[in-house]
Amino acid sequence: MLTFLHHLLRRAAAVTGALAVIALCAMTAGETAPTSPAEPDSAQAAHTDRAPLIQQVADGAGLFPLLAREKDGRLFDYEPKGTGGWQPRADLGGGYSVATAMVQANISDGGKGNDLYYRIGDTLYYTAERGTDTKVVGTGWDAYNLIVSVGNMAGTAQPDLVARDTSGQLWLYQGKADGTLQPRIRMKNSTGWNGMSVIAGRGDYTGDGVADLITRNSKGNLLIYPGTGNATADAVLGTTITAATTGWSDYVSVLSTSDNSGDGKADLLAVDSAGALWLYKGTGSASAPFNARVQLGASGWTHYNLLF
């Protein structure tokens, strides 16, 4: 119980820092010179005298919380039990409806902190859970209609972000130890990613030690795009693997918080139209990536307009 409460106190501190920025942006309309999302403006970042971060697990696997935002902008924290499922939710407060994108990434404190990236207007911000570090990552991020945290796909010590632009192109931003991002890399020479109704992932689903992408195409098929570990343009993703051809079109939301069951393998979560939450435990095998689903919640999960 003490560990659970400690997690909640840290998380509350992190989201308080994020909320302060969100509230300020909601009240002001200050203009800054645009910076391209191809080169986030790390010069705007606040610098702190923090110890060097240690190497984290390559694929970003770990037990991470699930954050859920209600339609009125209130944010809730579901801490993992460690054996599958969640502790009772903790209320983190309101005011988050102005954020048009929010994702988690484990960067601070050697990868132990569950930090936040969030977009307000065209600006992407970063708030560390361990510490008081909140900073501007860059502007121009309204060019993207999707931002997702994916773990480590291309060999750096920190987890990466994937962003999809309005033309349907997919870009990789490798993370840095201070929460800023390296210049973007085109992941694959294709503009067909707008046809994917799901792009997710936060771990290795194929067992090769590199984080992968999970997608759902227009036919409802669940696909895995293996990460290659290569930070070269158009070579970030390997050959597509079809994980499933039936059942996945029924879900209104598909996401990952990495390992939820405590076995060290990345899992998937899915919410159906009735509001039930399902867990698909990962196997770590490319030939059969997921076990049969297990229900974690019977109803109520469609009440949220963002799960991450």
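Strands here are DSSP runs of E, at least two residues long, numbered from the N terminus, and two strands pair if DSSP finds at least two bridges between them. The model is predicted: local features need pLDDT of at least 70, side-chain atom pairs count only at pLDDT 80 or more, and totals for chains, interfaces and linings use all residues. Residues are numbered from 1 along each chain as its sequence is written, and side-chain values use heavy atoms, leaving out hydrogens and water.

- Strand 5 (residues 115-120) pairs with strand 6 (residues 123-127) over 5 bridges in the antiparallel sense, and L116 has T127 of strand 6 as its bridge partner.
- Strand 6 is joined to strand 7 by 4 bridges, and the two run antiparallel; V136 in strand 7 is the bridge partner of Y125.

**Sheet 8-9-10-11**

- Another open sheet has 4 strands in the order 8-9-10-11, again with antiparallel pairing.
- Strand 8 and strand 11 (185-186) stand at its edges with a single partner strand each, so one side of each has no neighbour in the sheet.
- Strand 10 and strand 11 pair antiparallel over 2 bridges, and L172 stands opposite I185 in strand 11.

**Nonpolar core**

- A nonpolar core is a set of buried Ala, Val, Leu, Ile, Met, Phe, Trp, Tyr and Cys residues joined through side-chain atoms within 4.5 Å.
- The largest such core has 18 residues, of which M153, V162, M187, L213 and L237 touch the most other members.
- Strand 8 (144-151), strand 10 (170-173) and strand 14 (222-225) each supply at least two residues of this core.

**Largest pocket**

- The lining of the largest pocket has 36 residues, with L146, V254, L255, L306 and L307 nearest its centre; lining residues have an atom within 4 Å of a pocket point on a 1 Å grid.
- Strand 8 gives the largest share of this lining, 5 residues.
- Among the other strands that each supply at least two lining residues are strand 12 (198-200), strand 16 (251-255) and strand 20 (304-307).

Notes: Buried < 20%, exposed > 50% of the residue type's maximum accessible area, 1.4 Å probe, protein only. 1 Å grid on protein atoms, 1.4 Å probe; cavity = no way out; pocket = protein on both sides within 12 Å on 5 of 7 lines; lining within 4 Å.
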